[in-house]
Protein chains: 2
Amino acid sequence: MTQDVYTYLQDNRDNLLKKLEEFLSIPSISTDRTYKKDVLQAGHFVADYLKDIGFKQVEIKETGGHPLVYGEWLEAEGAPTVLFYGHYDVQPADPYELWDSDPFSPEIRDGKLFARGASDDKGQVFMHLAVFEAFMKTEGKLPINVKIIIEGEEEIGSENLYPFLAENQNMLTADFALISDSGMVEKGQPTMLYGLKGFTGLEVTVQGPNRDLHSGLYGGAVKNPVMALSHLIASLKHENEQVAVAGFYDGVEALKEEERQLMNEAPIEDYVKTTGVPTTVPEEGYTVNEHIMARPTLEINGLYGGYQGEGTKTIIPSSATAKITCRLVPGQDPTVIQDLIIQHLKTRAPKGVTLDVKPEPLSAKAYKVDPDHPLIQKAADSLAKAFNKETVFVRLGGSIPVVEQLDQLFKIPVVLLGFGTPEDNLHSPNESFPLDHYDKGLDVLINFYNEVAH
Amino acid sequence: MTQDVYTYLQDNRDNLLKKLEEFLSIPSISTDRTYKKDVLQAGHFVADYLKDIGFKQVEIKETGGHPLVYGEWLEAEGAPTVLFYGHYDVQPADPYELWDSDPFSPEIRDGKLFARGASDDKGQVFMHLAVFEAFMKTEGKLPINVKIIIEGEEEIGSENLYPFLAENQNMLTADFALISDSGMVEKGQPTMLYGLKGFTGLEVTVQGPNRDLHSGLYGGAVKNPVMALSHLIASLKHENEQVAVAGFYDGVEALKEEERQLMNEAPIEDYVKTTGVPTTVPEEGYTVNEHIMARPTLEINGLYGGYQGEGTKTIIPSSATAKITCRLVPGQDPTVIQDLIIQHLKTRAPKGVTLDVKPEPLSAKAYKVDPDHPLIQKAADSLAKAFNKETVFVRLGGSIPVVEQLDQLFKIPVVLLGFGTPEDNLHSPNESFPLDHYDKGLDVLINFYNEVAH
């Protein structure tokens, strides 16, 4: 009987890939208002798919921003209920000129599917939809009960998802949550993620004169906002990569020697090779693996002020802006960290300029789950079986804020079953997803859903 | 006889202003290759004007970049020869949205002519052309011999002017040089500029990973280029506005108490009011007047790296770039200063990134002229007569690199006869030029040319 599900996916592989490419062709960039209609269209794609395969009560839920798609299929009597979460929005694709093929015209090259969202997260969401389709078409039913939420605002902070979760706790009751929005430590290496970093951020603008000024006529009279911002930003971090904000590390769990060893043994990518940097630069006192997996970070995501064109423009810029985000670990409260940074900046604001601080509206605590939980073990086994290799257990530096929300609201285990690879170029030009991870991943999902049903 | 010249300018005021507006309508932005044809068109405007009023040997001299216009009229037997210099190129006009009228559709409001280049320098160049026209039409000749160079690359460093000057020293021999590319300390206050700052600059790029990276997956492994650049830029200047580059102040002339007093008595604009800053911030140990007129400065003209769009993009940017320029005073060699800054940056470059430093190809020493020179006194008297107010003598922070070149090559006095005002918004949105300065300035030029003839 189950064999039919596998066969169905093999027999319909081309059609399903074509359908995935259709999904990826929609430029559902949530951060840019220009793409509002496209984001909506991607939502409709998901909703229509769910309806087509027999989900009940499929709805496009309006929010203050981009809508979310909710659907349920609850006819697996006696079986557990999963709350599956994913997102259909994507990161911006700029700089476009660095893509080898159009980010929204999916192309298969070298066994990989290239497109914005191929890995994060449309490709992985689609795999679940395809597996649901296969179960319905072959067995006429799913092995477990499914409640599914696919949102359109993950890349901009899920502002409207959280109120929806909080207001619909009864409707959303489930035995566990499941998310496929992460990756493996290396291609072909089944990986069980048992910890994620939290997240917080803010934008700071230094305002100087009310217009750009001639640097000869005004240099010596007014504070240069770019220089002022450089001083402020430089003050946030020591050159040894330690964050210099007072209190930033308060409450951070010390790393146990055994965990350090596990982390340092985990196969991770060769960052010098994959990113082209001259050398890696972890926090003083920690290895790269430890810093990435279990130490908090503070990054400047963007900084700009003044002239950026060709040649010289001899001005004192009117203002300068920096976008700052942190990745947090257990023991750090995002709101407290945000406040600490804001206080740090405000107390150091030099005279002659004014500071405008915009806190990121949403943030998330870090998350850790017990790696011995039966569901986690079933997920690890399903991965190992399909990929024919033992699963490793790791923590990673990425943030999936919804994990913390699901954890806190529903008090259920959250299983992170990710199929991406470090070469996927998430948030970068030439995002891709390897087709053998797609194929084996479908097997993992069939295995896992069947295992959980019993 | 001379009265006719004044009358001619009064009678033809409307036509001449229309002609100036035609000149200002040409977007001759030299720094942006998109405007190459417009820059050429502005050159033709000047050449055609000179030909129309009877200049001989008017030529558009091709250079490696934008051409320069040369013309002569040498029939004032026995009278001295002036080498007049100006520029027909302009600064970029962005940000366009901050202009109240189109920068290249000149508009008269509140007694001012608004347009990019109205004051710097098309408007002031045009005044000389109009006065030459008036002399030719009324007296059939000019009071002195004129050699005129109007270039199209002043705003990008005059790279091709200097070889032209050096290679044509015989052709360009003159008794003195004259430039109208500066301003008065306040509107209606005749001002004799006897000193200018020098100039040097460079662009520095910090290169990190070969693409923007996901801040969660790579934060902790690679050096953030924006953070690295912020540290480097912050290290260039102390918070008390002193430049922190070793050797930067070596050789700078100490300010004499009498000069300090003169500077502090000079009427300068109320910077808090005119620029909107909370307070002025001069170098420690100096007043704003002293810092602007006679102390060297280092400014960041632009800095950029990473995401600048709406919302959040959680990346580690691939690179970051800063544009740096300095204004120099007598005793500082631009090349030495450039090298000191480059060394400062290079020795501080952190591991994990590479540094690419692009020195500005051209720079200039500061310039000071003897305020008691007869030509300077005649210029000051002409100003005082037309504006009906005593002329003040000042040094200013702006740089006119050609002044140093003319000084060194030709060993002749350079007279700086500027008609701009501090409210002209040079290099900024809403550049303007007051019409009464235009009108009185024409009288100054007639006075001055007549005075010099004797």
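Predicted model: local features only at pLDDT ≥ 70, side-chain atom pairs only at ≥ 80, totals over all residues.
Residues are numbered from 1 along each chain as its sequence is written, while chains are lettered from A in the order in which they are written. Local features need pLDDT of at least 70 and side-chain atom pairs count only at pLDDT 80 or more, with totals for chains, interfaces and linings using all residues, and side-chain values use heavy atoms, leaving out hydrogens and water.

**View 1. E59(A) and K61(A) pair up through their side chains.** This salt bridge (a side-chain nitrogen of Lys or Arg within 4 Å of a carboxyl oxygen of Asp or Glu) spans 3.3 Å, N to O. E59(A) is partly exposed at 34% relative accessible area, whereas K61(A) comes out buried at 18%. Here buried means under 20% relative accessible area, exposed over 50% and partly exposed in between (1.4 Å probe, protein chains only).

**View 2. A salt bridge joins E203(A) to K323(A).** The N to O distance is 2.9 Å. The pair links distant parts of the chain, 120 residues apart: E203(A) sits in strand β9 (residues 198-207) and K323(A) in strand β13 (residues 319-328). Strands are DSSP runs (E, at least two residues), numbered from the N terminus. Both partners, E203(A) and K323(A), are buried.

**View 3. Over in chain B, E203(B) meets K323(B) in a salt bridge.** Their side chains come to 2.9 Å, N to O. E203(B) belongs to strand β9 and K323(B) to strand β13 of chain B, so this contact ties together parts 120 residues apart in sequence. E203(B) and K323(B) are both buried.

**View 4. Shared partners build a salt-bridge network in chain A.** E253(A), E259(A), K368(A) and R395(A) are joined into one network. Across all chains, the search of the whole structure turns up 32 salt bridges.

Conventions: Helix = DSSP H or I, 4+ residues; strand = E, 2+ residues; numbered from the N terminus.
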